[in-house]
Each structure stands twice: as structure tokens, then as C-alpha cells.
Amino acid sequence: MKNKEFNIPPVYAVLLAIISVQCGAAIAKTLFPAIGAAGTASIRIGVSALILLVAYRPNLKEITPQQWKIVAPYGLSLGAMNLIFYLAIERIPIGLAVTLEFIGPLLVAIIGSKRLIDYCWVLLAAVGIALIAPWTNDRVDILGVVFALLAGGFWAAYIVLGGKISQIMNGGQAVSTGMLFAALLILPFGFYENGLANLTPKLFGMGIALALLSSAIPFTLEMKALGQLPPRTFSILMSLEPAAASICAFIFLQEKLIFTEILAVVCVVIASAGSTLTAKK
């Protein structure tokens with residue numbers, strides 16, 4: 001009976017994961033004034049790690065040296081990606097941050113290719129970045145843009161390492177163990193920023209909701225979907241994330257994008273989906 005309760009069709013699972021993550025990002029941004037970006041990341045990853053450890057109960061003693069060599073950097077890249085992304089959305093709109101961050105997965109998808117069509121997708125993504133870039137420094141924070149691109153680099157590493165660990169380790173075990181390393185990386189920053197000292201029961205409750213929406217629920221949904229969907233279909237669906245981020249940020253935070261920024265989001269979404277559609281098997 002338990003399996004039937006969570007028998008969500010894979011396409012809907014991915015879409016729910018995307019919506020869950022972006023709603024979580026909106027909640028996270030409301031916590032920044034009280035506990036800071038690092039404190040918010042610490043609550044999210046720390047609570048997520050506890051939830052996943054209880055849910056999957058990984059036996060750390062049974063993990064082989066080969067698995068440790070991949071699951072540790074996998075978790076560290078996950079932690080760094082989340083911390084730096086929160087530093088980015090502290091400074092720029094969520095929709096723009098996700099759009100810039102998405103350059104990482106896009107490059108992973110087409111790296112090493114020598115086909116003209118793939119260069120076209122890179123060019124289109126570059127146009128999107130150019131449209132967001134703070135040329136006049138009067139709207140978009142430069143450091144926020146740098147943080148978003150850096151988060152994209154760690155996202156790329158997370159994807160590559162995630163693909164490797166999924167071949168040698170059970171999905172739930174890998175995610176829960178990786179999240180443990182992510183928590184170990186992020187928690188010192190939360191204490192250093194002193195945001196955790198400002199926690200109240202209400203803020204902690206929001207932190208639990210954030211952990212569920214941004215980590216525990218979407219990671220579980222994505223892992224289930226990856227086991228049933230072709231990678232190409234999964235990647236095309238994930239290409240919707242920048243658009244979903246912009247919509248959620250508008251609904252929950254009233255973050256409005258100007259025309260050029262909306263155009264940038266569209267360019268990156270098309271480039272991501274297009275690179276997936278035209279990719280070699």
C-alpha cells in the first residue's frame with residue numbers, strides 16, 4: 001500500500017519537484033532579513049539531512065572506499081551550490097539567479113560537442129546572459145550575478161557526480177549520505193554569520209517547510225522520476241525551471257522582471273531544451 005501512495009507519474013513528479021523547489025526559494029528569501037542567507041541555507045540543508053537520514057537510514061559502515069570517493073564530493077558540491085545560490089538571490093531576483101545558474105547544466109549537456117547546432121545553443125544562452133548582465137550597474141547586482149554563475153558551476157559538478165554515484169550506489173542512500181556532507185559544509189557558515197542565533201519557533205517552522213519544499217520532497221521526486229524517464233525527457237522538463245522560478249518569485253515575492261530580463265529567461269529555456277532535443281543519445 002505504501003508504494004501505491006507515492007506512485008506519481010514521472011512527468012508529474014518532475015513538474016512537482018520544480019514547483020516545490022521554486023516555492024521553497026521564495027520562502028527562503030523571506031527568511032534572509034532575520035537569519036541571513038547562510039543561516040537559511042544551514043536550516044534548509046541541516047533539516048533536510050536529518051529528514052533524509054531518518055527516511056533512508058544509510059549504513060555508513062557498508063559504504064565502500066570507491067563510493068566514498070564520489071559521494072563525498074557529490075554532497076560537498078550540493079552544499080556549495082545551495083549556499084552560493086542563496087547568496088545570489090539575496091542580491092538579485094530569483095528568476096534571474098536560476099536563469100544564470102542554469103548555464104552550468106547547459107554546458108554539461110553540450111560540452112565536448114563539435115556540432116554547429118550545439119554552438120548555436122551556447123550562443124543563444126550567451127545572449128540570455130548578455131541581456132541580464134549589469135552593463136550599467138543600475139539594476140542588477142554584479143556580485144549576485146557572479147554568485148549565480150558560480151552556483152551553476154557547482155550544479156554542473158553535482159550533475160556529473162550524481163550520474164556517477166547513481167551507478168554504484170542506491171539512490172536514497174546516495175542522497176541521504178551526500179546531504180550529510182552538504183550539512184557539514186554549510187553549518188559553519190550559518191554559525192559564523194550568527195543568523196542561527198536569531199532563530200525563533202516560527203522561523204524554525206518556516207525552515208522545516210523550506211527543507212521539505214527545497215530538498216527532501218524534490219530530491220525524492222526527481223530520484224523516482226530518473227528511474228522511469230529517459231534522461232532526455234527529464235532534461236527537457238528541467239529546462240522549465242528558470243521560467244518556473246520567475247513565475248513563483250512574481251507570485252510570492254512580487255519580483256517583476258523587465259522585458260529584457262524576461263527575454264533572457266526565454267533564451268536560456270530554449271537553449272536548454274533545444275540542446276537536449278538535438279543531443280546525441
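R91 forms a salt bridge with E90, with 3.4 Å between the closest N and O atoms; a salt bridge is taken here as a side-chain nitrogen of Lys or Arg within 4 Å of a carboxyl oxygen of Asp or Glu. The model is predicted, so local features are reported only at pLDDT of at least 70 and side-chain atom pairs only at pLDDT 80 or more, whereas totals for chains, interfaces and linings use all residues. Residues are numbered from 1 along each chain as its sequence is written, and side-chain values use heavy atoms, with hydrogens and water left out.

R91 has a relative accessible area of 34% and is therefore partly exposed. E90, at 35%, is also classed as partly exposed. The classes are buried (under 20% relative accessible area), exposed (over 50%) and partly exposed (in between), computed with a 1.4 Å probe on protein chains only.

The search of the whole structure returned two salt bridges. In one of them, the side chains of E255 and K29 meet at 2.6 Å, N to O. This pair links distant parts of the chain, 226 residues apart: E255 lies in the loop between α11 (241–253) and α12, and K29 in helix α2. Both E255 and K29 are buried. Helices (H or I, at least four residues) are DSSP runs numbered from the N terminus.

The loop between α11 and α12 also contains Q254. Q254 is not a glycine, yet has a positive phi of about 55°. Its relative accessibility of 54% places Q254 in the exposed class. A positive phi, of about 45°, is likewise found at R57, which is not a glycine. R57 is located in the loop between α2 and α3 (65–89) and is exposed, at 66% relative accessible area.

Helix α4 (residues 94–101) packs with α11 at an angle of about 165°, and the two axes are 7 Å apart. Axes are lines fitted to C-alpha atoms, for helices over the stretch in contact, and angles run from 0 to 180 degrees between N-to-C directions. Because angles over 145 degrees count as roughly antiparallel, α4 and α11 are assigned to that class. On the α4 side, the contact (heavy atoms within 4.5 Å) is made by I94, G95, V98 and T99, and on the α11 side by E241, P242, A245, S246, A249 and L253.

In helix α5 (residues 103–110), the buried residues are I103, G104, P105, L106 and I110. These buried residues pack against α4, α6 (116–132), α7 (142–168) and α12. Helix α12 (residues 259–278) includes A264, which is buried with a relative accessible area of 0%. Not counting residues up to four places away in sequence, A264 touches T99, G128, L131 and I132.

The largest nonpolar core comprises 77 residues, and V14, Y86 and M179 have the most contacts inside it. Helix α2 (residues 10–56) supplies the largest share of this core, 17 residues. Such a core is a set of buried Ala, Val, Leu, Ile, Met, Phe, Trp, Tyr and Cys residues joined through side-chain atoms within 4.5 Å. Y86 touches A28, F32, A37, T40, A41, R44, L210 and S214, with residues up to four places away in sequence not counted.

Note on methods. Helix = DSSP H or I, 4+ residues; strand = E, 2+ residues; numbered from the N terminus. Parallel < 35°, antiparallel > 145°, perpendicular 65-115°, else oblique.
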